[in-house]
Amino acid sequence: MKEGLLSGTVCPVATQDVSTNLKNRNHAFKEYGYGPPNPEEPNDSFWLKKAKMYNAPTKDIMGMRCGNCAAFIQTPKMMECIIGGLEKDEGENELSYDENFVKAANLGYCDLFQFTCAALRTCDAWKSGGPITKEKP
């Protein structure tokens, strides 16, 4: 973990280091069926494979997304870490699109596999009950 850029919050290393984030994300692609590659496309074979794995109808499996997984964290502090990590390498006069990027991808943090994650994707370790949007008391 690293110190947060905006408020002194302790941020996961993957939110602050692109190499670590990509390494962890690629591990999830390879070992845990993270995907689909482009969530905006039908991806029939991807979803059929998941349906077979869960022995459930494809339409039910297609609702199991990172954005509603119990390991998907979108607390205010985590979102600050994600946005701050993206902005840290920008120049002072550089136009920032990072907040728009985070919103467009509906990013959060996967606590299971330690990387910034797109809400429309899924993985083999999906658990109901998310996202986590409130800080611990």
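Here are some worked exercises on the structure above.

This is a predicted model, so local features need pLDDT of at least 70 and side-chain atom pairs count only at pLDDT 80 or more, while totals for chains, interfaces and linings use all residues. Residues are numbered from 1 along each chain as its sequence is written, and side-chain values use heavy atoms, with hydrogens and water left out.

**Exercise 1. The core**

Task: work out which residues of the largest nonpolar core touch the most other members, and which element gives the largest share.

Solution: 
- Start with the term: a nonpolar core is a set of buried Ala, Val, Leu, Ile, Met, Phe, Trp, Tyr and Cys residues joined through side-chain atoms within 4.5 Å. Buried means under 20% relative accessible area, exposed over 50%, and partly exposed in between (1.4 Å probe, protein chains only).
- The largest core has 31 residues, and Tyr34, Ile82, Phe113, Phe115 and Cys117 touch the most other members.
- Next, the elements. Helices (H or I, at least four residues) and strands (E, at least two) are DSSP runs, numbered from the N terminus. At least two core residues each come from α3 (44-54), β3 (72-73), α5 (76-87), β4 (107-110) and β5 (115-118).
- The largest share is 5 residues, and α5 supplies it.

**Exercise 2. An aromatic pair**

Task: take Tyr34 and Phe115 and say how their rings are arranged.

Solution: 
- First the rule: rings of Phe, Tyr and Trp (its six-membered ring) pair if their centres lie within 6.5 Å; planes under 30 degrees apart are stacked, over 60 edge-to-face, and the rest tilted.
- The structure holds 4 aromatic pairs. For Tyr34 and Phe115, the ring centres are 4.9 Å apart and the planes sit at 80 degrees, so this pair is edge-to-face.
- Tyr34 is in the loop between α2 (18-32) and α3, and Phe115 is in strand β5, so the pair ties together parts 81 residues apart in sequence.
- Both Tyr34 and Phe115 are buried, and together with Phe29 they form one aromatic cluster.
- Now look around Phe115. Contact means heavy atoms within 4.5 Å. Leaving aside neighbours within four places in sequence, Phe115 is in contact with residues including Asn21, Asn24, Arg25 and Tyr109.

**Exercise 3. Salt bridges**

Task: find how many salt bridges there are, and say where the partners of the Asp124 bridge sit.

Solution: 
- A salt bridge is a side-chain nitrogen of Lys or Arg within 4 Å of a carboxyl oxygen of Asp or Glu. That rule gives 2 salt bridges.
- Asp124 pairs with Lys50, with the closest N and O atoms 2.4 Å apart. Asp124 sits in the segment after β5 and Lys50 in helix α3, so the pair links distant parts of the chain, 74 residues apart.
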